[in-house]
Each structure stands twice: as structure tokens, then as C-alpha cells.
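The following note comments on the model shown below. Its points are numbered so that each can be read against the coordinates.

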Amino acid sequence: MKTTRREFLLTAGALGAATLPWPALAAPLFESIFMFVPAAPGGGWDGTARAIEQACKTADLVGAFQFENVGGSGGMVGLPRFVNQRKAQANAIMVAGSVMIGAAISAKSPIGIQNVVPIAKLTEESGVIVVPNNSPIKSFAELVAAFKADPRKVPVAGGSAGGTDHILLGLMLKALGRNPKEGAYVAFAGGGPANAAIIGGQVAAGISGYSEFEEQIKGGRMRPLAVSGEARIPGVNVPTLREQGMNVVSANWRGVFGAPGIQAPQRAALEHLVSAMKDTAGWKQILTTRRWADSYQAGSAFEKYLAQDVADTVGVMKDLGLA
Amino acid sequence: MDALSHLMHGFSNALQPAVLMYGFLGCLVGTLVGVLPGIGPALTIALLLPLTFKAPATAMFVLFAGIYYGAMYGGSTTSILLNTPGESASVVTALEGNRMARRGMAGPALATAAIGSFIAGTIGTIALTFFSPMIVESALLFGPAEYFSLMLLALVAVTSVLGNSLLRGLVSLNLGLLFGMVGVDLQTGQHRFAFGQAELLDGLEVTIVAVGLFAVGEAMFMAWKGHAAEGKVEKISGSLWLDREGWRRSWKPWLRGTFFGFPIGAMPAGGAELPTLLSYYTEKKLSRHPEEFGNGAIEGVAGPEAANNAAAAGVLMPLLTLGIPTSATAAILLSAFTSYGIAPGPLLFEQQADLVWTLIASLYVGNVILLVLNLPLVGLWVQLLRIPAPWLYGGIILISTAGVYGASSSIFDVGMLYAFGLLGFVMRRFDAPVAPMVMGLILGPMAEQSMRQALTISAGDFTTFATRPISGTILAIAALMLIVPRVMRARK
């Protein structure tokens, strides 16, 4: 971990040059890409967008990237801006995901994910249900029993109301034949306070994306009871909800979208770019270091997935009284 | 001691010339970022995140640590000189700091802020080195019920910043609490006071409100007063440094401020604003010259400045020991860790000992760099006051606008900045204090959310606030703070 003076100077130079376009050597697929992130720098969508940039540049797929971050309210501040300002722009892409679907529904916004052109789904993350390590609840069956007895006595911590964590709790209660509105859902702003409330034993259980809890699970401070994806997370020995007799599947996905009004060949070109990007060694490397699950899906398969996800989300948000 | 030998190894890494240069660069950028209103360390580090693809981890974290600590030092400068805090943790500093500057004591105010920051930062870093696990475990005992009680305590402490007129102070505070309601309600997802504006759904940004009320409002007020204001930007008189009296009156507030800042900073929902407020309240109550408060009492600068720097060190504890980010900057640092494939968590100290100890060592080094950087700068900063008022305040408007627009590239936010600037102007015109409004905006949402979280957990039982031991104790202290001064007064 030693630093040479040369590295220092390079980095110091890069401080100023980080946002400047770098010349590409081979002929790239796109001269330039306008990357729109409907979230502030530093979050999950921003991380995905920067990773795409990194993979594309390393493989010389794209000459230059131009970024715009417009954060706020699960993407509902940025999305209308992308739709209005980038109409028919062939080289504009936006990163978004399941969070935006719920946000659009609860905001009752006229502009939703249906207003942009789906290009591809890239990554997916399972949710996980945990209890504090010293909790009297030791197994998923015991948690189910507690929910069946009275969900109001089982406070569950997660992210903001109506987000993916809350929706998962709603789906679980519904599967148990309870009214989702009965859930004692304790919303926390951001992963930090939620983590602290769970390991401090302030709540009975917690729900979040797996990576949010991963280190606490490894460190033995949280006990994972179930994951919410179709299948188990590779390398993680936690059974899915389905395996434990509950027919609920949910995952937090992230993908890329094109501007409204682009022509079929322009859409195909973007699909080609993303498809080439996901095959690069650089992208695979990023997936490994970030522990993102590859869930690449494009074309009509992705469209079908989206439609189903929107319908499911509307349903459960109605049950929760949020739509 | 094991920690000590690790730390020594950390120093041997952190003191390499190249790493030192990163630290110096970070401190410089951080100070600048702290001085400029509207731009904070979180945003700066977020913008530098793409560099993590290129540079080695140690270098980047030393750089980020420098920016983080540097911003805390820089934040006080504009608060004191120009009554324009660049971020919410410096709002309390402006109260006495700017009064001191107006009395020609800008030098000692800046000096006590810088030295207090150094002492608090160093004590904080020492505690971080040796007592992290212990303090973090205690902080975890704080649940929503305890936070609500703590917020009530803070609301009692707010009485110390209400100013001369109780009525005006309370109007300002309550407007702040009302502004805190704007946006999507965290617990239910309902929209409140957003009037269909997507930009309002995340609530009012504290930074924009604070910069608007203080910086833009102050500039408008100066413009309105016109030539009457000239000569009001005081010439510097007396020593640029702390005299014997200054030291004597500062050292206890420094230590008390540290005592407030560090544990509250380490709490998962603590923050840096709360300790500055508690420190101010305490200093005002303990002072032998309470009449000086409101006219530039040095204790009112020394305490809060130490508190916010100690809180900055405190925030790093849950991040490094548990991987739990408790502030915007900590959240960005967390994502920087993950982009190196490093997962901060309970195992970080074992798995990344080299990196963590270099980082901690660089915090000590950074503090020294910042002191060395900032003390000579005091002389330079006070020269700012020689700039003619129209230019100076014109510059403040320009920088505030650029800062707010740069942070979000949103015209709406710039509009908000001016709207709150206008409000700040009107409040100054009618002699209403603006600090309680900012405090209301910060404390209101925290109090409301933690109360409702606590009630969800207790299944609607209000006695939870009194029956939980820590929560009950804090409530009792808050009650005493309200009652005792009145009883004492009655007995006199």
C-alpha cells in the first residue's frame, strides 16, 4: 500500500481532469454517451453508472462520457428532466431500477418508467430478512409464528416507507394471510441508522438489500433468516423464502434506459453497446468486487419483466395503503 | 498496548512524503470547501469518487480524511467573519463569533476556533484510536425513544439562542419546525406541503436554508442599509492571536465541547449540530459573564467549534468499527470503501489493519497540518474584512449561488436560496433571530421521526419514553433544565 510520487502527481492531476473526456485509441461504438443519473453522486445508481463508464472506457467502447446527476425522491426529480430534455437523443442513457417504480407510484407522478425506453437490466440484489443476534427468534419458522400471532408486536426496520424493504414486508404478511397494513414497519433514513437499530436490539427484525447487512451478518451481529430472490445468493448459505414455504420473490434490480422517442435502430445500437459492455473483463471484475449479481436481460424479456414488476408493485402498494 | 503498536505502524505509513502530500492536498481542498458556502465535504468526496478507480486506497483515504477534517476547520471562518455559515454545524459559531468580529476581535475568534478544533479533533482521534468499540457499544443503546428525548433536551437548549425577544425567537423556531415538515413523510410515504413540486419531496435542504437565511439574507440587509452599513464591517483592533485572557476563557469550553461532540457524533442518529447547540447552552449557563453572550463571548465560539470537530471524529467510529455510516460524508466514505472491494464492518480492523491504521494516523497528522495551515491564515482571513462591503457581499451572493447550483445543478434550489434569503432579510429587518429557524428545521424532523419510530416499536405506548432508563433520565434532565433556573430566580 505504498504510494509513489508519480502516483501522487497522476492523482493530483486527475483531480482536475477526472471529468474531462479522454481520447480513445480504437474506433469506439459511440463517440460519446450522455449518462443521466437520477440520484446524487455516491449512491447505488451513481455507482452503477460510474462502473458502466469505467468498463466502457477500459474496453474503448465509448469515446467520452458526460455525466449529469439530478438527485431526489427515488429519482422522481431527475426522471421528468431526462424525459423532457433528452427527447430522441440517441446517445443518452439513464440508470434506474426498482426503487423508481415504487417512487413513481407513491408520488402519483404522471411521468413514470413507462416514459423511457428500456435497454437492459444489469444487476439484481436479493433482500434479506435478519434478526439481531441475541434475539429470542432463532429461525424463520419462529419469525413466521410471531407474525401470525400479531404483526404489530414485531417491529421491523428498513428503508423509507413504500421502498423495496417495506414492499417485501407487505408481500410476506400478505402471504401469511395478514393485512399488510398491520405490519409494524419502522422506516429509517439510510442504511446506517437501520443497521444500528437492528444490532442494538431496538427492533425485532430488519429487512434490506443483502449487501447492506452483509458485514453485520459476517461479523455475527445479525442472524439471516431468509433471502428474497429466486435462488440463493452464490456463496451465501441462507435459504430463500420459497424454500421455506413462503411464495414470495422480490429483488432490487438496476438497469439502463434510453431517451423517449429514439428510433428502433438507435435503440438497437444502445442495446448492442450495453451487451458488449457486460461481456468485458472490466465489467465482470466490477461485478465481483462490488458483489453485484449479474442479471442481464434485454429486449422483450426485459419489457415483460418491467410490466410485471410495475403491476406487482402497484398491487402491494395498494395493500399497504400507499397507492 | 496492541493499538499503540498498530498506530505506530500507521504513522510510519502516513508520514511517507507521498502520503503526506495527499494529506496536505486534502486539508487544503477541505479548508476551501468548508469556507465556501453550500459546498460540503460529502459532495466534494462524492465528486472525487471516480478517482478510486485509478488511485491506491491508502492515498485516497488519506486525501478524503484531509477533506473531511479540513471542511470542519474551514466552516467556522465565514461564520465568524461574515455571519455566513457555510454549513449547518457552524450556525451556532456565527452567533458569538460574528459579534466578536464586529467588536474588532476577529483574530482571537478565529484563533480560538482553530485551536479548539485542533484540540477537539486530536482528543477525538485519540478516543477513536483506543476506545472505539466501547463507545460504539454504548451508542447502540440509544434507540428511537432515546433520540426523541435527546431532541426534547435540544429543544430546551434552543432557548439559549432565541435572542432578546421570546416572541420573535419562538416564531422563528416554530417556522423552522414547520419547514421541517415539508416533503415525503418517512414513516408513511405521504406528501406534506410539497404542492406537487417534485423538488420539494425530499424536504428542504438544511444547507440551502442556512446559506439563504444567513449569507444571502445578510447581504440583502447590508445592501438595504446602504451607506449606513459602511464602517460597520469592523476594523481589526487588538491582537490577532489569543491573549492570556483568551486562553484562560477558552480551554474549559474546548474540553466541554469535545465532551459533547464526540459521543453524540458517534451515535447513529446524532449529528454535529446537536452538540454545538448543547455546548453553547452550557457555556452560556456556566459563564461568569452571561451578559456577554449575544455580544461576542469567546466561550460561545470555543465550545461549539470544539464540539463540531469532536463530532466529526465521533462519526468515524461507527463507520470504522461497524461499517455504519451516520452522516452524509460517512455514507460517501463507505461507498469509497466498497469501490475498492473493501467492506467496512466488524471485521475491518482485522482484515484491513494496514489501511485503517494509516487512515487513523493520518487523522492525527491532518489535525497538525490543519492547525499549521489555519493559524497563519487567520491573518490573511481577517484581511477579507478590508474589502469594501459592496464587493464583499456581492462576492458572497455570487459564491453562495454558485455553491448551491454546483451542488445540485438545480435552478429550483437557487430559487429556494433567494426565497430564504428574502425571508432572512425580512427577519433581520424586524430584528428576529434566524438561528432558531435553522435549529427547528434540523431538530423538528429528527424529533418527529424518532417519536413515531419509538411509538411503532412500543405498539403505541407513550410511557416508553419515561420507562426506558436512558430515555427517562434524559427527559428528567430536560425537565430540570426548564425548572431549576426559574426556581433559582424565584428564590433570589
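1. Helix α2 of chain B covers residues 17-35, 19 residues in total. From its first C-alpha to its last it reaches 27 Å, close to the expected 27 Å at 1.5 Å a residue, the expected span being 1.5 Å times one less than the number of residues. Buried here means under 20% relative accessible area, with exposed over 50% and partly exposed in between (1.4 Å probe, protein chains only). Helices (H or I, at least four residues) and strands (E, at least two) are DSSP runs, numbered from the N terminus.

2. The model is predicted: local features need pLDDT of at least 70 and side-chain atom pairs count only at pLDDT 80 or more, whereas totals for chains, interfaces and linings use all residues. Residues are numbered from 1 along each chain as its sequence is written, chains are lettered from A and ligands numbered from 1 in the order in which they are written, and side-chain values use heavy atoms, with hydrogens and water left out.

3. The mean pLDDT (the predictor's confidence in each residue, from 0 to 100) of chain A is 85, and 91% of its residues reach 70 or more.

4. Strand β7 of chain A (residues 205-209) has five of its five residues buried, so it is largely enclosed by the rest of the structure. Strand β4 (residues 117-132) of chain A pairs with β7(A) in the antiparallel sense over four bridges, and A:I129 stands opposite A:I207. Strand β5 (residues 156-158) of chain A pairs with β7(A) in the parallel sense over two bridges, with A:G206 as the bridge partner of A:A157. Pairing requires that DSSP find at least two bridges between two strands.

5. Chain A has 11 helices and 10 strands. Its C-alpha trace spans about 65 × 50 × 30 Å along the principal axes. Of the 323 residues of chain A, 56% count as buried. Among contacts in chain A between residues at least 6 apart in sequence, 78% join residues at least 24 apart.

Definitions and conventions:
Contact = heavy atoms within 4.5 Å.
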